[in-house]
Number of protein chains: 2
Amino acid sequence: MELTDRIHERIKVHRNSTVRLLQRLVQERSVSGNESAAQAIIIEKLREIGLHIDIWEPNYAKLQQHPFFVSPRSTFIGSSNVVGIKKGLGGGKSILLNGHIDVVPEGDISQWENDPYSAEIKDGKMFGRGTSDMKGGTVALLLAIEVIHALNIPLKGDIIFQSVIEEESGGAGTLATITRGYTADAAIIPEPTNMKIFPKQQGSMWFRLTVRGKSAHGGTRYEGVSAIDKSILVIEAMQELERTRNEKIKDPLYQNIPIPVPINIGKINGGSWPSTVADEVRLEGRIGVAPEESMEDVKLEVERQIKLLTKKDEWFAEHPVELTWFGARWVPGTIDLEHDALKTLKNSFKEVLKREPVIEASPWGTDGGLFTQVANIPTIVFGPGTTEVAHHPNEFIEIEKVLEAAEVFAHMIVEWCNN
Amino acid sequence: MELTDRIHERIKVHRNSTVRLLQRLVQERSVSGNESAAQAIIIEKLREIGLHIDIWEPNYAKLQQHPFFVSPRSTFIGSSNVVGIKKGLGGGKSILLNGHIDVVPEGDISQWENDPYSAEIKDGKMFGRGTSDMKGGTVALLLAIEVIHALNIPLKGDIIFQSVIEEESGGAGTLATITRGYTADAAIIPEPTNMKIFPKQQGSMWFRLTVRGKSAHGGTRYEGVSAIDKSILVIEAMQELERTRNEKIKDPLYQNIPIPVPINIGKINGGSWPSTVADEVRLEGRIGVAPEESMEDVKLEVERQIKLLTKKDEWFAEHPVELTWFGARWVPGTIDLEHDALKTLKNSFKEVLKREPVIEASPWGTDGGLFTQVANIPTIVFGPGTTEVAHHPNEFIEIEKVLEAAEVFAHMIVEWCNN
């Protein structure tokens with residue numbers, strides 16, 4: 001039997017246990033700081049499929065020294081990274097398979113039709129926080145390794161599977177795998193690309209804009225200056241910056257993406273009393289960084305735009321908007337479009353799914369930026385699930401897509417590691 | 001000696017004790033729910049100047065039934081109103097003198113140069129929360145009564161002095177004096193008018209506008225609809241409403257007021273995560289109500305304006321902005337410009353201060369609205385201190401103005417009560 005068919009048949013054998021594994025993972029609310037129960041399930045699975053296991057809590061004090069470190073936390077005690085290694089016979093190329101175990105909080109529970117951690121299955125979809133982002137992708141990786149293991153397919157190169165913490169807060173978990181010395185000839189991260197292949201990944205940074213006003217009683221509001229009114233000008237300036245930045249992007253991989261590098265102002269908070277003129281508004285947002293851009297250049301662009309506000313309104317000359325970069329940051333990443341790993345993945349996709357893959361640039365960042373920029377590991381993002389549902393109520397994943405992705409992964413791993 | 005001179009001379013005698021009284025009152029942080037220590041000082045003073053005293057905690061359950069009742073509290077236990085009565089000989093007109101004991105919280109302490117409750121005096125100004133709004137005014141009333149008492153001036157009409165709770169939250173304290181049966185032929189409220197006479201008082205109401213969006217990941221923000229972007233349209237609609245409402249106002253008493261009935265959006269809060277498209281923004285604000293307007297009409301105007309948003313943006317048709325009226329509400333008030341009490345006050349002002357008083361309409365509400373609309377008591381607002389400093393860090397009052405106001409009050413009370 002051909003490799004493709006053997007994998008295909010074997011996947012079916014593991015179907016039920018795979019669905020059960022995903023359910024168990026989703027049922028663990030592995031938000032930041034609460035990853036251990038979900039990691040324990042991963043560890044159990046890695047043992048079952050015979051991988052050498054490395055479990056460690058990243059050393060906060062040491063990691064903090066790294067220029068690419070970002071984290072809202074102050075310790076990683078109780079939060080372990082898990083790595084499983086399947087040593088190859090030698091002489092082949094190694095592959096790094098990376099998924100994050102952390103999920104974003106469920107948010108407003110009333111918007112969920114069911115318990116966000118029920119992992120309930122309906123019409124071929126499993127519902128729950130983390131199904132798409134990205135326990136489904138992680139389970140697809142595990143299934144691929146399991147199938148290779150079960151079929152006893154010899155591999156020359158190593159498989160390094162990683163289940164990392166803290167992707168959602170900027171990648172401290174993946175950074176810790178890099179500083180621990182893990183590397184490979186290529187990496188795959190099955191974030192929810194909806195089965196598209198993303199050789200380029202957008203980076204992103206968080207900013208805070210503090211807009212000043214002058215307080216006054218609302219009944220004599222003309223004696224004050226509303227920071228809420230002024231913040232409208234600031235929002236408009238950021239909208240304008242988004243327009244000019246995106247007009248510059250000509251990369252064909254972005255042709256289907258309405259706004260390649262969006263600026264999203266996600267939070268606004270200001271004022272303290274309905275009857276008082278607001279003297280401060282804080283805007284918090286995310287700016288996308290194109291794969292070939294440097295984060296420092298983007299910071300300068302934003303700074304320049306904010307400085308230009310003084311031309312629109314003199315108020316800002318004496319009361320400048322304060323710009324701070326805070327919280328999470330995802331480094332952009334890119335792989336050479338002619339890279340063998342990309343060719344192999346595209347080929348495996350075609351072999352398994354009998355169609356051409358869609359190649360695009362990702363509209364969001366992943367830990368792949370750290371792999372490419374810090375560890376020089378060419379990285380591709382490709383996985384089941386969609387970002388339309390990630391971070392949303394009623395997040396789900398199509399179970400069939402998890403199995404399809406696993407089939408592509410298994411095929412690609414065998415081809416790549418024996419290359 | 002003429003009345004004017006006798007009062008003038010006597011005020012000097014009480015100067016130091018009056019300053020000390022004001023200091024003691026300011027040093028008590030009488031925010032809502034914490035009025036008792038300040039009220040105790042008032043009671044002590046009322047005893048000293050021989051008034052009959054009435055002290056009671058408003059009955060929440062009973063007061064709550066009143067159509068004009070508003071309060072963020074759920075009980076008034078521990079929060080007493082204090083009334084002092086000086087019965088007249090009969091045959092004269094009675095006067096109600098009303099000041100509120102509650103102060104707004106000090107806010108961001110770092111913006112104060114000194115302890116907000118130090119009552120420190122510098123260059124003739126006493127600094128502290130509540131100096132202008134309105135312990136200075138209350139002390140001016142007490143000094144006026146004390147001087148009349150000390151000079152043994154016979155009065156035909158009654159003086160009813162009130163030190164009430166909860167003005168800052170919409171007037172539950174004053175409403176409780178009305179339901180307890182207190183009334184008079186005229187009332188004076190020495191809110192900080194900067195020694196201007198306000199025969200008309202703006203009312204005001206608080207509104208909340210909830211603007212809906214559609215959540216999405218910030219990297220694909222075009223898949224969502226930003227409630228922050230939509231809230232800009234809502235703010236602009238309220239700005240437009242403010243313009244059209246104020247264009248209609250022709251009252252000459254408003255000629256020096258840049259915006260007679262302002263709309264202030266004082267608070268904005270929305271979104272939960274920098275990387276997520278905000279799906280809800282809450283705007284909270286205050287709308288001024290002109291003296292002759294009904295609150296219900298104003299509510300309808302706002303409703304209409306919010307409904308018109310659907311013409312500017314279809315989004316609002318399926319996702320209407322939610323309008324709620326909440327929290328505080330101050331009823332507008334007006335006294336007949338030919339009313340004898342107003343004439344008497346203007347005359348006393350001229351007699352004492354040797355200049356014409358400025359007559360204006362107040363740009364903010366007071367408990368005077370309740371007096372005029374609920375109890376039919378013609379009310380004038382006139383007092384020392386300014387709203388520029390009220391509700392602000394480093395609030396202060398000019399001590400001389402407190403004494404001047406007391407002099408005007410003493411003169412006016414004698415003239416009015418013996419009329």
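How many residues does the contact take from chain B and from chain A? The contact, meaning heavy atoms within 4.5 Å, takes 50 residues from chain B and 51 residues from chain A. The model is a predicted one, in which local features need pLDDT of at least 70 and side-chain atom pairs count only at pLDDT 80 or more, while totals for chains, interfaces and linings use all residues. Residues are numbered from 1 along each chain as its sequence is written, chains are lettered from A and ligands numbered from 1 in the order in which they are written, and side-chain values use heavy atoms, with hydrogens and water left out.

**View 1. The contact between chain B and chain A.** Between them, the two chains bury about 4,300 Å², of which 59% lies on carbon and sulfur atoms; buried area is the accessible area (1.4 Å probe) that two parts lose on being put together, summed over both. The chains are joined by 2 salt bridges, a salt bridge being a side-chain nitrogen of Lys or Arg within 4 Å of a carboxyl oxygen of Asp or Glu. R221(A) forms a salt bridge with E242(B), with the closest N and O atoms 2.6 Å apart. On the side of chain B that touches chain A, the elements giving two or more residues are α7 (227–247), β10 (263–270), β11 (280–289) and β12 (322–330) of chain B, where helices (H or I, at least four residues) and strands (E, at least two) are DSSP runs numbered from the N terminus. The largest share of that side, 8 residues, comes from β10(B).

View 2. Strand β10 (residues 263–270) of chain A runs antiparallel to β10(B), and 3 bridges join them; two strands pair if DSSP finds at least two bridges between them. G270(A) stands opposite I268(B) in β10(B). Chain B can be laid on chain A with an RMSD of 0.1 Å by a turn of 180° and a shift of 0.1 Å along the axis, the superposition being by least squares on the C-alpha atoms of residues with pLDDT of at least 70 in both copies. The two copies are thus related as by a two-fold rotation axis. Of the residues of chain B, N269(B) comes closest to this axis, at 2.2 Å (C-alpha).

**View 3. An open sheet in chain A.** In chain A, 3 strands form an open sheet in the order β4-β5-β16, with antiparallel pairing. Its edge strands, β4 (121–122) and β16 (396–398), each pair on one side only. Strand β5 (residues 125–127) of chain A pairs with β16(A) over 3 bridges, and M126(A) has I397(A) as its bridge partner in β16(A).
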